[in-house]
Each structure stands twice: as C-alpha cells, then as structure tokens.
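The entries follow the order in which I went through the items.

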Amino acid sequence: MKTTGNGKNLVRLVLMASLAIPYGRAAEDSAPATECATQVELDRAVESAHAALWSKFIGADGLIHDYVGELPTPEECAAGKPNAIGWWSPIENGPMFTGTYLAAICHRARRSGAAVDREKSRRLATGLLACASVSDVPGFIARGMGTDGKCHYPMGSQDQTHPWFYGLHAYATSGIPDADQRKIVVDKMKEVAEALEAADWKCPCDGAFTGQSRGDFKMFRHHGAAMYLFILRAMHDVTGERVWLERYQRAMRERSGTSGKTRLEICAEGYPHDREQIKNIDHGQLWIYVSSQGGLARLADWEADEDAREQYRAGLTVNARGALAVIEAYKTFDNSDTKVFGHARWREAYPDRFLQKTQADAERLASTGDRKILGERKHYEASRMRNPLAAAALIALAGYHDGFEPVRRAICHYDYAKLNMAELFFAECAYYALPVDQASALEPDGS
C-alpha cells in the first residue's frame, strides 16, 4: 500500500520533556473556557480533571470506576446483577480505563518528577495486576472487583485486555518501578500473554461461562489488528525474547481470509475499516479506540522497516483526521446542564431478571433498564464529553499538528468537578500526548 506525503511528514510523538510544568493550582480555581489561549489555562484545566478523577473515581483497589456508585457484592457478581457481563455497573471498565490512563500518568510522573505522581502510577499498576489475579482461569482479565476486593463478573473482553497490556507496558518501561517491582509486572504480563497464545488469542471467561471466550484478538479489523500487534511487539520489548518478535512479524503480514488484506494494511486504513462492524464510530465510539491508537503510535516508533512504519503512521493520521472532524461537539456541552444521571441507582434501574444461560441472554438483560430512573445525563456526557475528549486523545497520540489547537480548547471547555462519568480522564491522555510547549511553559502568565 502506498503512503501519502502526510504520513511521511508526521512527527514522532514527543511524550517526555526535561522541562517540568508547574502544577498545584486548586481545581476550584479552574473555570470552563471556550478558548484555550495560554499554557497556564491548559495546565489549570488538566489539574482540574486530575483532581476530579482522583477525588471521585479511583477506587481503593487502584482501578478507575465508571461512575460513583455502590459496588456489586459477591452474591450480585455470582448472580450476574445487573447482568453477567457487568455492563452499566461501576466496575464495567476497570482495566480498560485504568490501563489507558496509566500510560498518561507515567508521562505525568516523568514530567513532574513528583513522588506523589510516581506513587499514583504504582497504585494503578497494582490494580491492574489484581485484575489478572482474581481468577483461576489463565489469561482472564477481570473488569474490576466488587465489595470484597475479589468478586467479579465472569466476562472480560479484548477491550479490557489490550489496555491492561498497554498500561503495564508503559509502567514497566517508565523507570518508575524498581527492579523487583518491574519483574512482578513483566512476569504477570508474560503469564497472561502465554495463556492467550495457548487460547489462540481469544479472551477467556470464568465462573458460569468457563470454557467460553469474549473477544478475539485475531479478528481482522483495525481495532483488533492494532491491539494484537501491539501486545506481541510489547512483549518482545519487555522480555527481550525473540519468539514475541517473530510472532509479531508473522501476524503483521498475515492476510484476512475475507478481504485478503494484511493486518498491516488494515492498520493503515484507520478506523473507517471497522465501520461495517462497529456502528457510529465517529460520533459515539471513538472512546474504544484510544488505547489502540496509543498502541499504533508505539508500533510506528518501534518499527525499523520504513514501509511498515509509514503504514502505521498512515493509520494514525486517518484516525486523527476523523477525530478532528467531530471534536467540536465539545462546544455543545453546557456545564450548567442538570439532566439526571440515574446510573448510580443501577440496582433500581435493572430489577427485572431472568436466567442468563448464554452471553446473548446477558446482553438482552443489559438492555432492559428503566429509562425513567436512568435519566438522560449519561448519553449527554457520552456524546458531548466522552467522544470529544476521546477525539482529542486520538489527535494528540497521532502527533497531528493541525488538530492541536482544537485539542487544547476541548480540554479547557469542561467543569470537570460536575461530571458524572470517569471518561474525563481522556483529557489527561490527550494532554500528556501533546508535545510540551516549552516557550509558553517558560512564562508563568503563558505569554
């Protein structure tokens, strides 16, 4: 596949800098803004997002909870309440969110040099390790844990598993853990990766669904191709074992039996390749592509073959352009909106139950919520906050200069203290993927 000049001119990510940006402005001092003209304003907005995330959404287990709400009990997890997948519960996306965010917090810790930021990264990594330690099924990554710190729903997914690797890889290579801590992380990554290899890269279930899987990394779509290739290449990076590099090189050139395209070619096409399988990506599903975009950026950085590197960069650019086309939805978010966020009342909203013998039963049960209780606020935040901030992250991770100013304005728009959904962390993912503007950072007033 031929690549464009834009792909060749795409700058490599600048994720580290020797100049530390000063932090510490109180979150309440940060006001929503429609423009972000100064570095000081941007830094203040990110500190507001950071404070909101850590004061409300980080659980005692070190995982990001989807929202503030009561955790499921062991009995509820075993019975599949509100459903056996764990959708709409506060622990629906623990490794997905925490792994994606851990990569950003590692960059923060390196920039700031602050002990508190290094400790936060350790706490998140500890939570991720727990997700791979609460089941006796090899390769299983729990979505999160309930009230006893161990109970969990029986189904994970590739959307949970890839960010688990993405975050722990960032942590293991950050210089933050000491040698003993790093070995614990790498050993667990190797244990999970080898189990997935043995399972032909299908994500296993446990509990009542033991023997089944949910999610297949070998599916030939952009989302999965970037994830699968990243995990293989990341395992070589942290272990140095040649077998992982050989698996990566073989998987990169493997062709789809349907389209005839290689995974590398699918990576180059960007997320538009997935539109037939994943509906409404541009306006509703960009959030599931943030960690795979980060993985794609790392693949481009690692790749020594010029053609492969340019194809990865082409995919990054396609995704960034798509995100730039929809990022301005942030302007439609009213920080004074008072719609009801009823998802915290998940027990009341999903009282009707039936036996869940299959995964399809669980999906059907997940669609039975009482809309009067649930309210409209989740959809409001998902479409006007989650998607624009995910778009910001896709643009920044690609190093796509044309989108940097819209990214900055989007980050500065929200009153983070008022948000109900943890996906506000995408603001930090975007911010720490942007190159540091050293010129503006040198001046306290941003001038």
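I located Pro-82 in the loop between helix H3 (74-79) and H4; helices are DSSP runs of H or I with at least four residues, numbered from the N terminus. The model is predicted, so I kept in mind that local features need pLDDT of at least 70 and side-chain atom pairs pLDDT 80 or more, while totals for chains, interfaces and linings use all residues. Residues are numbered from 1 along each chain as its sequence is written, and side-chain values use heavy atoms, without hydrogens and water.

I noted Trp-88 as partly exposed, at 25% relative accessible area (buried is under 20%, exposed over 50%, partly exposed in between, with a 1.4 Å probe and protein chains only).

I found Asn-280 in the loop between helix H10 (263-269) and helix H11 (281-285). Asn-280 is not a glycine, yet has a positive phi of about 55°. I logged such cases because most residues other than glycine have a negative phi, and most peptide bonds are trans.

I looked at helix H6 (residues 158-172) and helix H8 (residues 222-239), whose axes come within 10 Å and cross at roughly 35°. Axes are lines fitted to C-alpha atoms over the stretch in contact, and angles run from 0 to 180 degrees between N-to-C directions. The crossing of H6 and H8 is left-handed, that is, the near helix is turned anticlockwise from the far one by less than a right angle. Among the residues in contact (heavy atoms within 4.5 Å) I listed His-162, Phe-165 and His-169 of H6, and Met-227, Phe-230 and Ile-231 of H8.

How many cavities of 30 Å³ or more does the structure hold? I recorded 2. On a 1 Å grid over the protein atoms alone, a cavity is a set of points where a 1.4 Å probe fits but cannot get out, and lining residues have an atom within 4 Å of a point. Points are joined across faces, edges and corners, and a volume is the space filled by probe spheres set on them. The second largest cavity has about 30 Å³. Its lining includes Met-96, Trp-287 and Phe-426. Helix H4 (residues 94-112) gives the largest share of that lining, 3 residues.

Definitions and conventions: 1 Å grid on protein atoms, 1.4 Å probe; cavity = no way out; pocket = protein on both sides within 12 Å on 5 of 7 lines; lining within 4 Å. Helix = DSSP H or I, 4+ residues; strand = E, 2+ residues; numbered from the N terminus.
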